[in-house]
Structure formats: C-alpha cells, structure tokens
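Let's walk through this structure together, starting with a helix and ending at a metal site. Keep the 3D view open as you read.

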Amino acid sequence: MLTLGIETTCDETAVAIVRGTKEILSNKIASQATVHSSFGGVIPELASRMHTEQIIPLLDEALKEANSKLEDIDLISVAYGPGLLGALMVGLQCAKTLAMTLNKPLMGINHIEAHLYAVLMSHEEEITFPSIGVVLSGGHTTLLYMRSFGDFQLIGQTVDDALGEAFDKVAKMMQLPYPGGPEIEKRAALGDPTVYPIKAGQIKNRPFDFSFSGTKTSVLYNLFGPKGSISKVTLTEKEINDMAASFQAAVIRDVIKKATLAAKEFNCQNLLFGGGVTNNQALRDAFEKTDLNLYWPKRELTLDNGAMIAGLAAWRHKNGFKPDGLRLKPVTRIPFTS
Ligand code: KG4
Ligand code: ZN
C-alpha cells in the first residue's frame with residue numbers, strides 16, 4: 001500500500017510517499033527558512049504563498065523519486081493542524097483535489113501526533129507503552145502520557161512560547177539568522193553556560209507546564225539592561241556565545257526536569273521525542289545521562305516532513321481508523337483531551 005503525505009502547517013512545504021507504515025520511498029521538503037530569515041520569524045501570508053508555489057513541483061518530485069504515478073497511490077493524507085490557517089489550507093486543498101480526482105480515501109493527520117509517529121518510523125524494534133511523549137518544536141512544547149500509540153493524555157504544555165520559538169527569538173535578539181535553534185547550538189558550544197543567570201519559568205502547582213517568555217526577557221535584560229535597546233548595542237562574540245550557552249543550558253535543564261518528573265509520576269521508563277528542537281545534540285547528550293529509555297526520531301524526521309504524515313495515516317488506516325472525506329477542515333489549535 002502506498003500513502004501520499006502532505007505537510008504545510010508552518011514554513012516547510014513537504015510531500016512524501018510511504019510504502020506500508022514505515023518504508024519511506026520519497027520525502028521531499030522545501031524549506032522557506034531563507035525567505036523568512038530576513039524577518040526573523042515566519043510571516044504567515046508569505047508562508048501560504050510559498051506553499052502554493054512549491055506544492056505541485058514537490059508532488060512531482062516525490063512521485064519521481066518514489067518511481068510511482070499518482071494512480072499508484074492508495075491513500076492521500078494531509079496534516080490538518082495545528083498550524084497557520086492559510087498554510088494549512090494550501091495542503092488541504094491539494095490533498096482534497098487529489099482525493100476527489102483520483103477517487104482515493106483522504107485521511108487528516110494531527111501534526112503533533114505525527115511528530116511522535118516519526119519515532120516509531122525510526123526504530124525497528126517494538127516500543128512498549130505506556131510511555132511519555134515529549135514534543136519540542138517551533139510551535140509546540142508538549143508532554144503527553146501515551147497509554148498506547150494513538151491514545152494520549154495531555155500532561156503539560158507551554159503557557160506562552162514554544163521551546164523552538166524561544167530559541168528563534170533569543171537568536172533574533174543577538175542578530176543571529178533564522179531558524180535560531182541551530183545557530184544557538186553552534187554558539188553555545190563555544191560559550192560558558194555559567195556566565196548569565198538564565199532560568200526557565202515554573203508555573204505554580206503545574207509542575208509539567210513550561211514557560212519561556214520570562215526566560216526571553218531575562219536574556220534581553222542581561223544583554224541590554226532593563227531599558228536597553230537591541231539596535232543600539234553591538235554584542236561581542238563572547239557575549240553571544242556565553243548567552244547562547246547559558247540560555248541553552250537553562251532550557252535543557254528545564255525540559256529534563258519536567259520530562260523525568262513525568263516519567264516518575266506516570267511510572268514510565270520510555271521517553272519518545274519529536275519536533276525540530278530534538279535536533280539539538282546537547283539536549284540529546286544531557287538526556288543520555290538519565291536512566292530512562294530514550295527514543296529519538298531519525299535526523300531526517302525531526303523537522304516538519306511529509307513522511308511522518310503519510311506513515312501515521314497508513315498506521316491509522318491499518319488500525320481501523322476511518323478516512324475523513326472531503327469535509328475535512330483545517331484546525332489551527334487541536335486540544336488533546338485528557
Ligand atoms: O518541528 P519543527 O520543524 O516545526 C514545528 O512544528 O514548529 O521545528 C522547528 C524548530 C525551530 O524553532 C528551530 O529553531 C528548532 O526547531 N530547531 C532547533 C535545532 N534545530 C531546529 N532548536 C534547537 N537546536 C537545534 N539544533
Ligand atoms: Zn512540527
């Protein structure tokens with residue numbers, strides 16, 4: 001069985017073809033990062049326009065690489081949310097048109113769940129449940145109790161910025177390019193994490209929730225003073241490196257603290273990770289020091305991609321979930337029920 005997966009939730013246009021539930025035949029991604037880079041963050045209107053331009057050429061490339069024709073596809077899938085409304089609509093429209101003209105079933109996929117399915121696609125061995133899911137991306141910072149795959153309970157999430165977003169904004173303050181995560185990681189490797197007293201936020205009586213907005217403010221004040229203006233100060237290389245190291249160490253400590261507490265409270269030995277921030281090697285290395293079983297996605301499946309969408313759709317299809325049909329709608333925020 002061949003499944004086509006379309007992903008347009010944010011600033012990556014992605015189309016992939018997966019055979020069965022795991023075998024990736026093609027996984028094409030057109031990142032818009034260089035376009036958004038000059039603005040220091042994603043501009044939604046620009047993202048929608050670029051998805052419109054990219055999606056059909058990418059579909060052609062994905063088919064070519066998979067040595068397949070549209071008629072060979074058995075199931076069409078698309079991320080229906082969470083994400084930017086205009087961006088989601090491009091993917092949905094493309095998927096619906098294909099499903100209608102080819103007369104194939106259409107399956108809508110939750111993007112966050114797909115980030116965790118990327119872990120299952122990355123490992124040959126069976127992963128046992130219950131497990132804790134840790135999604136760290138540009139749009140989401142979420143801890144989930146996974147009774148089994150597909151049966152999730154929300155444990156905690158960010159009350160303000162997502163972790164990747166905090167990396168991006170801190171990078172922007174220091175005039176580093178977008179996306180900021182990889183830049184901060186590079187700089188952090190050259191800096192001293194003990195120079196600046198940076199801390200992640202804690203929410204009273206909600207030990208599993210995250211807050212990075214105050215963290216950003218303390219980065220700002222430490223670099224430019226409480227009344228300082230970013231544009232008036234030129235930071236030295238040492239200041240940038242030390243702040244990158246201090247910020248990165250603080251947020252890694254925070255994620256480890258909350259994820260290990262969740263594992264303890266919910267009596268789970270396995271942590272499953274998803275999302276772009278899991279590219280961060282310092283984060284991976286720090287988790288390796290815990291005694292938990294860690295399951296990371298393959299590098300090519302950490303950032304937004306179509307393979308995780310197609311894979312999850314094929315998995316759902318195999319497990320008896322019904323297709324959605326042409327009435328499928330984009331959803332910008334999807335609450336996980338507990
Ligand atoms: O999962 P993703 O592609 O997008 C969303 O679903 O939101 O993640 C993108 C995010 C960006 O914020 C980017 O800065 C961050 O992942 N990221 C990193 C690293 N590589 C990407 N953050 C920290 N360290 C990295 N090496
Ligand atoms: Zn994502």
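What you're looking at is a predicted model, where local features need pLDDT of at least 70, side-chain atom pairs count only at pLDDT 80 or more, and totals for chains, interfaces and linings use all residues. Residues are numbered from 1 along each chain as its sequence is written, chains are lettered from A and ligands numbered from 1 in the order in which they are written, and side-chain values use heavy atoms, leaving out hydrogens and water.

Start at helix 3, residues 85-102. Its 18 residues reach 25 Å from first C-alpha to last, close to the 26 Å expected at 1.5 Å a residue (that is, 1.5 Å times one less than the number of residues). Its buried residues include Leu88, Leu92 and Cys94, where buried means under 20% relative accessible area, exposed over 50%, and partly exposed in between, with a 1.4 Å probe and protein chains only. They pack against strand 1, helix 2, strand 4 and strand 5, with contact meaning heavy atoms within 4.5 Å.

Now look at the backbone on either side of helix 3. Just after the helix, Asn103 takes a positive phi of about 55 degrees. In the loop between strand 4 and helix 3 sits Pro82, and the peptide bond from Gly81 to Pro82 is cis, with omega near -10 degrees.

Next, the zinc ion (ligand 2). Its protein donors are His111 (NE2), His115 (NE2) and Asp304 (OD), 2.0 to 2.1 Å away. Donors are N, O and S atoms within 2.8 Å of the metal (3.2 Å for Na, K and Ca), and sites may look incomplete because water is not among the atoms. In sequence, the spacing is H-x3-H-x188-D. His111 in helix 4 and Asp304, in the loop between strand 12 and helix 10, are 193 residues apart, so the pair links distant parts of the chain. His111 is buried at 2% relative accessible area, and Asp304 counts as buried too, at 12%.

Finally, the axes of helix 4 and helix 10 come within 8 Å and cross at roughly 85 degrees. Among the residues making this contact are His111 and His115 of helix 4 and Met308 and Trp315 of helix 10.

Notes. Helix = DSSP H or I, 4+ residues; strand = E, 2+ residues; numbered from the N terminus. Axes fitted to C-alpha atoms, helices over the stretch in contact; angles between N-to-C directions.
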